[in-house]
Amino acid sequence: MAPGCTLVLMLMTVAPSRTGAAPVPSPLGALPGARGCHMAQFKSLSPQELQAFKRAKDAFEESLLQKDWDCSSRLFPRTRDLRQLQVWERPVALEAELALTLNVLEATANSSLDHILDQPLHTLHHIHSKLQACVPAQPTAGPRPRGRLHHWLHRLQEAPKKSRDCLEASVMFNLFRLLTQDLKCVASGDQCV
């Protein structure tokens, strides 16, 4: 289990000791709905995985040269940094970013880039499945994300309203940041400062 996930979950819940004298942290398995957050393996991807993503990005950039497109706004601003969020918010933001990336790349995979996107999509699905164990279930009622996290999630929810070409470009140009910075930060837990 990633140290950051354990720490966050231990801080969020305390169970009384048998004597009732002092609270002790509950183990991860004692938390309702906890399935285990194992992200440390993603602190760095293998060179082969990164090369597959580079090939996909290069092929996409080549296809852009054949299109007449113009995108004025950035979906992923350069000033955005997961370290600006609280440790427990980071997996939530990354999961939303990854879900959007998967949706866009899967739609793109049905085009001329399908053979080049096979390995990257497989890797992203694997990361996404592991990341979902780190994201608390969203209650149907109660407090909603606020502040910076709310702003980021709202921006990602609005993204599909952009033109398809601009959305694809935003996702592809953000891909290495997602893999080398955002994913590494979430995998590092509270050590990402």
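Reader: Why are E61 and K57 separated by about one helical turn?

Author: They are separated by about one helical turn because E61 and K57 are 4 residues apart in helix α2, where helices are DSSP runs of H or I with at least four residues, strands are runs of E with at least two, and both are numbered from the N terminus. The side chains of E61 and K57 meet in a salt bridge at 2.7 Å, N to O, the term meaning a side-chain nitrogen of Lys or Arg within 4 Å of a carboxyl oxygen of Asp or Glu. This is a predicted model, in which local features need pLDDT of at least 70 and side-chain atom pairs count only at pLDDT 80 or more, while totals for chains, interfaces and linings use all residues. Residues are numbered from 1 along each chain as its sequence is written, and side-chain values use heavy atoms, with hydrogens and water left out.

Reader: And is K57 buried or exposed?

Author: K57 is buried, with a relative accessible area of 19%, whereas E61 is partly exposed at 29%; buried means under 20% relative accessible area, exposed over 50%, and partly exposed in between, with a 1.4 Å probe and protein chains only.

Reader: Which residue does K54 pair with?

Author: K54 forms a salt bridge with D58, with the closest N and O atoms 2.8 Å apart, and K54 and D58 are also 4 residues apart in helix α2 (residues 47-64). K54 is partly exposed at 38%, and D58 is partly exposed at 34%.

Reader: How many salt bridges does the structure hold?

Author: The structure holds 7. One of them joins the side chains of E168 and R164 at 2.9 Å, N to O, and both residues lie in helix α6 (residues 164-188). Salt bridges that share partners also join R80, E97 and D182 into one network.

Reader: Changing topic, where does α4 bend?

Author: Helix α4 bends by about 30° at P120, the bend being the angle between axes fitted to the seven residues ending there and the seven starting there. P120 is among the buried residues of α4, which also include L117, L121 and L124.

Reader: Last one, what does L156 touch?

Author: Leaving aside residues up to four places away in sequence, L156 touches F76, A93, A96, E97 and L100, a contact meaning heavy atoms within 4.5 Å. L156 lies in helix α5 (residues 147-158) and counts as buried at 12% relative accessibility. L156 and A96 are 60 residues apart in sequence, yet 7.1 Å apart in space, C-alpha to C-alpha.
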